[in-house]
Amino acid sequence: MLKLTDVVTHYGPIRVLKSVTLEVRVGEIVCLLGGNASGKSTTMKTILGVVRPTAGRIEFESQRIDRLPSESIVRRGIALVPEARRIFGRMTVWENLSMGAFTRQAAPPAELAQDFERVYALFPRLEERRQQLGGTLSGGEQQMLAIGRALMARPRLLLMDEPSMGLAPALVDQVFDIIQTINRQGTTVLVVEQNAAVALGIASRGYVLQNGRIVLHDTAAALLAADHIRRAYLGED
Amino acid sequence: MDVLQILPQQLVFGLALGTVYGLIALGYTMVYGILFMINFAHGEIFMIGAYVGWWVLTALLNAKLTGLHPVWVVPVMLVPAMLFAGLLGVCLERFAYRPLYLRGATRLGPLISAIGASIFLQNAVMLTQGARMKVYMTSLLFPRTWRVQVAGASVSALVLVMIGVAGLMMWGLHLLVQRTTLGRSIRAVAEDREMAAIMGVNVRRVIAVTFFLGSALGGAGGVLVGLYYTQIDFFMGYSAGLKAFTAAVLGGIGNIRGAMLGGLILGLVESLAVTFMNPAYKDVVAFAVLILTLVFKPTGLLGETVAEGEKV
Amino acid sequence: MTAPAGWQRWLAIVLGLAALVGPLVAPSDYWIGVMARICLYATLALGLNIVVGFAGLLDLGYVAFFGIGSYLYAFLASPHFGLHLPFFVAVPVIVVLTAFSGILIGAPTLRLRGDYLAIVTLGFGEITYLLLINLDRPINITGGPSGIIRIDPPALAGFVLTRNLEYHYLFLAALALTLVASARLRNSRIGWAWQAIREDELAARAMGINTTVAKLQAFAIGASFAGIGGSFLASWQHSVFPDNFLFTESINILAMVILGGMGNLLGVVLGATLLVALPEVFRDFQVYRLLVFGLMLMVLMVFRPQGLLAGEGRREEEPEPTPLVESEAGPGAPAGSG
């Protein structure tokens, strides 16, 4: 579904992504692991067109997207749950979700109503707080909102950038349960994570990114098994 | 001069002045909210709106039509003024600002370009329209006998129309920004441009629309001011612009409700100050308010706390 | 600090020679006057360069100091208050007083950033103008709209300046001193502090630089240069009027600094030269002067924001941290700003 081939991305003179090749197939949950400064967020940004790759190709459903502006890429069915949530604090929960559905303005209201229902079903707390300003929500609630907002776009591929960051362990489990539910409901997921254990717990395959390069690629089970060896490896930058 | 006697009148006038300031202030605040730049040329857009309105009014009067009634003449003046002002704003953004902020230039670049645009527009109008002022023949449209008693003050119908029109437009903008998808996209871009783009918002288009709206409102303010003060010249944008900017800052720049509130307050304060002191220093009131606000509460009345050391 | 590049050195030599010899071969006294005016404005521009170019503080109200300096000279050396201090006594006094006014005006702006700083300084410039034009009642301090006239020309040991030629060399000498002072400042501890503040104020503070003092110093010293320029104007023109000190003059001087290249001393002088001389050369098109000026500012910012001779160390365009896609309109603004 999503294919990156030898993607290179620069920040000014610095080559952040040196060569990234990865693939996400329909229906999977794939995780991209790595420490700080490994290039995880840059990979996300490159996929989404926030940053243009210097070399390489990115294909989504067999069509090249690496030269397109963000709004076109997103309209093809990719949504992002960004690092640190980045919900619109000055808008209400409802408005945030509504913005999530921005690319679907042509859709009939009944469909949109369905999407709201689906999100509220996954996150009852959001329904309770739907007139509240995003900035007043707790960290966990904001994470839910960020996910819900992304779902409103009815993405076929959901990108998640470090969903566990800043959350208490119980919440992390909850979030990853929800990711699995979303996946079962038909959305392909690419999760970028520092927390290898929990990410590999739900993924089918995993890639390890280090210094802008994919250094490891295997099934989740294999990676987990090797994890007690890799933990130091993954843990260090 | 019995102060108490003229006080109600001054208050009503202050209210009218305030709504107009608010209208113009919205242009500054909307652009600042979305681009974090001060559109220094906004005062000139307001001035050009006034000229367009004058042009329409004079054309209508010269055509010697019968049945000239403000109820249709005023909208007929407003529409072209707002359209022209709006489009001018869009052009400014496209050619004088976008190349700069796309480059990620520091704050200096856009501000200086805006100052350049302001000077350019002032002189373009002066050269094409003449340096002498133009006169709005308002009395032909609003006979002086049309007055209304409001709370012990005798107020001209014109003032009420000003308040009405400005108020209506502000309310319309409020609805647009709060209730429509376009409004939400504007707010999203203002809050987090990158995320808005990731939601699929065409950021460049939203910025252009914001400029259009803010400039159109400024143009409307120009027509209203022209109607009231009757004299317009190519330089009027400068002081009106600074005052409207003060209003925007007072209310909390970037905050739409703030601009309206700031406008009202400034209008009232200025009108009251003129009652009690030497009118020659009227402009000093606005500057004093500006400086005091920026020094003591730079986020304005309705603004949020600005992070210390925020990169400009 | 960088030495001027090859061709810049030639430019400096050419300009220097022109300044020294030009008046002797000028076609008319009028043109000597123009040259004198160039020196005057170059001094002013160098003063603003300290505030804007070195310290990175966008001052849109610099004309206030110019006006204050001029009027102070008028107070000290004219029949207006009956004081007739000699030129070389008055000027140092004015330098100190304008420096003080620089601190007064700069103080409220210390916590403000970029745009706001610009607007507040603009406000102070306007207030100064309004005071100059209105403070003729109840007591006549400034002479109101008609200003102050019959101001004493500079005199030293009985020799009174009368010809443009003499004024030119006086101003040139002052300009030379100002240039040397600017260069010294730039390479001094204060200069480094200013550069640090210009690049990143927070980091500068973290390095232990007292940014408050440094900024006030910038304002004070910049203002004092304007004080000198103001004294020169008053004594040369023998009069001062409020309309000498409008906002457009602030922008004019700012344009000189930017056109040449902020922070670049030679550039500033070049900017002053161009912006004084070109309108004279194109006198016939005077009516279009401001139109072209406004256009020039826009074009300059879009196509060459670093000025003709790129300002040293200051890059108007910071290197983009992210190669942004066309649809992105610039770096995302920090959220939650007021």
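Which residues make a nonpolar surface patch of about 730 Å²? They are Leu127(B), Leu278(C), Val281(C), Phe282(C), Phe285(C), Val287(C), Tyr288(C) and Val292(C). Such a patch joins nonpolar side chains within 5 Å, from residues with over 30% relative accessible area and no salt bridge. Areas use the Shrake-Rupley method with a 1.4 Å probe. Phe285(C) sits in the loop between α11 (265-281) and α12 (289-303) of chain C.

This is a predicted model, where local features need pLDDT of at least 70 and side-chain atom pairs count only at pLDDT 80 or more. Residues are numbered from 1 along each chain, and side-chain values use heavy atoms.

Helices are DSSP runs of H or I with at least four residues; strands are E runs of at least two.

| Pair | Axes come within | Crossing angle |
|---|---|---|
| α3 (93-100) and α6 (139-151) of chain A | 7 Å | roughly 35° |

The crossing is right-handed. Val93(A), Asn96(A), Leu97(A) and Gly100(A) of α3(A) touch Leu145(A), Gly148(A) and Arg149(A) of α6(A). Contact means heavy atoms within 4.5 Å.

Salt bridges come next. Glu28(A) and Arg205(A) form one, at 2.8 Å, N to O. Glu28(A) lies in the loop between β2 (14-24) and β3 (29-33) and Arg205(A) in strand β9 (205-210) of chain A, so the pair ties together parts 177 residues apart in sequence.

Methods
Chains lettered and ligands numbered in written order. Axes fitted to C-alpha atoms, helices over the stretch in contact; angles between N-to-C directions. Left-handed = near helix turned anticlockwise from the far one by under 90°. Patch = residues over 30% accessible without salt bridge, like charges linked within 9 Å, V, L, I, M, F, W, Y side chains within 5 Å. Salt bridge = Lys/Arg side-chain N within 4 Å of Asp/Glu carboxyl O.
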